[in-house]
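Subject: Structure handover

Hello,

Here is the structure for you to take over. My notes on what was found in it follow below.

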Amino acid sequence: MSLVVMATGGTGGHIYPAVATARELMARGHEALLLGQRGGMEERVAAEQGLPFQGVEAGKLARSGQGRPDPRELLRAVRGVAEARTFLSQTRPGAVVGFGGFASLPGVLAAQSLGLPTVLHEQNARLGLTQRLAAGRARAVGTAYPKVIGLPEDKATMVGMPVREERLPRAEALARLGLRDGPLTLLVMGGSQGSLALNNGVPDVLREVLGEAGTSPEGSVQVLHSTGPRWLEEVAPRVADLPWYHAVGYTDAVAAWSASDLAITRAGTGTLAEAAFHGVPLVMVPLPESAENHQLHNALSVQEAGAGRVVEQTALAGQLGEAVLECAAAGMRALMREAALGRSPAGAAGRFADLVERHLR
């Protein structure tokens with residue numbers, strides 16, 4: 001059996017698929033380790049998940065005011081590659097698996113410079129920047145979509161989006177989260193770092209449509225709003241008078257999805273995949289600044305499948321409340337739940353692990 005290094009980081013959308021794949025490989029007898037930015041979110045998640053972690057420098061592929069790469073960030077990236085190269089030279093893993101995000105690049109480029117096998121996972125329908133830099137020398141690329149723009153078809157293998165295939169009984173999930181059993185549970189989640197637009201707009205909309213008592217035509221409602229750690233102090237005081245509105249900086253995603261009847265989210269591929277696995281209908285507010293507006297296209301595909309409703313950010317104040325009430329209706333919610341489960345990525349971690357194992361050194 002081999003050591004497999006998961007090169008990942010930056011956001012939960014990159015990190016949690018790595019965790020899911022690591023768990024699958026470990027169940028098959030391999031060792032797995034996460035490699036990413038020292039002090040980044042991936043280091044915290046690795047500790048929470050009980051996974052070994054190796055931190056390196058990781059410069060963001062950002063632009064300076066003149067539109068050129070920031071030389072300070074480039075220097076950090078170069079140092080990161082050197083650190084990763086030293087670590088990989090010592091451990092000689094069977095493969096390094098890159099999940100995208102700027103923090104994955106040092107590990108993947110270092111592995112390729114050492115002649116170690118690299119396998120990538122691309123979660124979007126267009127090849128991301130960090131993946132474009134690594135795809136040419138990668139042995140294979142697992143994808144979440146049948147076709148990925150910018151990726152040669154002979155290098156792509158459709159595997160789906162690996163998610164943590166864990167569910168909790170609803171009562172246990174509610175208890176973990178400190179929520180009541182009975183009300184309709186509405187999750188608001190703007191990604192692992194939170195969403196400023198959702199944090200600013202959603203509380204006022206829900207206060208307006210649900211009232212001080214937190215009720216809809218379907219009965220009582222409780223809200224779990226994961227604001228992102230940096231935004232909690234701004235959001236919590238605005239809902240402190242609403243006993244049914246629970247703002248938290250960060251939440252256990254497995255428990256949150258297991259407890260939820262409906263969710264208001266962005267439309268990143270990872271979020272959509274987790275919602276589908278848990279059968280949670282969505283009201284999606286795509287991030288308008290996403291590359292090539294890919295979140296809007298993601299959300300429209302979910303809407304076309306009958307598993308969600310799209311509310312564009314510019315229309316959040318005017319349309320979100322109506323969409324929530326429509327999707328909260330019991331009959332509609334049941335239909336959307338079935339449609340969501342029909343899109344479930346169950347088995348994606350196993351299929352991607354199969355691909356990784358085919359290319360182990």
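Over the ring of which residue does the charged end of arginine 164 sit? The ring belongs to tyrosine 16, and the charged end of arginine 164 is 3.8 Å from its centre. Please keep in mind that this is a predicted model. A charge over a ring also turns up at tyrosine 250, where the charged end of arginine 44 sits 4.5 Å from the ring centre.

Next, the aromatic pairs. The count comes to two. Phenylalanine 99 and phenylalanine 352 form an edge-to-face pair, with 5.8 Å from centre to centre and 80° between the planes. Phenylalanine 99 lies in the loop between strand E4 (95-98) and helix H4 (105-113), while phenylalanine 352 is in helix H14 (residues 348-358), so this pair ties together parts 253 residues apart in sequence. Phenylalanine 99 is buried, at 3% relative accessible area, and phenylalanine 352 is buried at 0%. Tryptophan 244 and tyrosine 245 have ring centres 5.7 Å apart and planes at 55°, so their pair is tilted. Both tryptophan 244 and tyrosine 245 are buried.

Last, the cavities. There are two of 30 Å³ or more. Helix H10 (residues 269-278) gives the largest share of its lining, three residues. That lining has eight nonpolar residues, no polar ones and one charged; Arg343 and Leu272 are among the lining residues.

The second largest cavity also has about 40 Å³ of space. Its lining includes Leu184, Ser216 and Val324, and divides into seven nonpolar, one polar and no charged residues.

Regards

Note on methods
Residues are numbered from 1 along each chain as its sequence is written. This is a predicted model: local features need pLDDT of at least 70, side-chain atom pairs count only at pLDDT 80 or more; totals for chains, interfaces and linings use all residues. Side-chain values use heavy atoms; hydrogens and water are left out. On a 1 Å grid over the protein atoms alone, a cavity is a set of points where a 1.4 Å probe fits but cannot get out, and a pocket is an open set with protein on both sides within 12 Å along at least five of seven lines; lining residues have an atom within 4 Å of a point. Grid points are joined across faces, edges and corners, and a volume is the space filled by probe spheres set on the points. Helices (H or I, at least four residues) and strands (E, at least two) are DSSP runs, numbered from the N terminus. Ala, Val, Leu, Ile, Met, Phe, Trp, Tyr, Cys and Pro count as nonpolar, Asp, Glu, Lys and Arg as charged, and the others, Gly among them, as polar. Rings of Phe, Tyr and Trp (its six-membered ring) pair if their centres lie within 6.5 Å; planes under 30 degrees apart count as stacked, over 60 as edge-to-face and the rest as tilted. Buried means under 20% relative accessible area, exposed over 50%, partly exposed in between (1.4 Å probe, protein chains only). A charge sits over a ring if NZ of Lys or CZ of Arg is within 6 Å of the ring centre and within 35 degrees of the ring normal.
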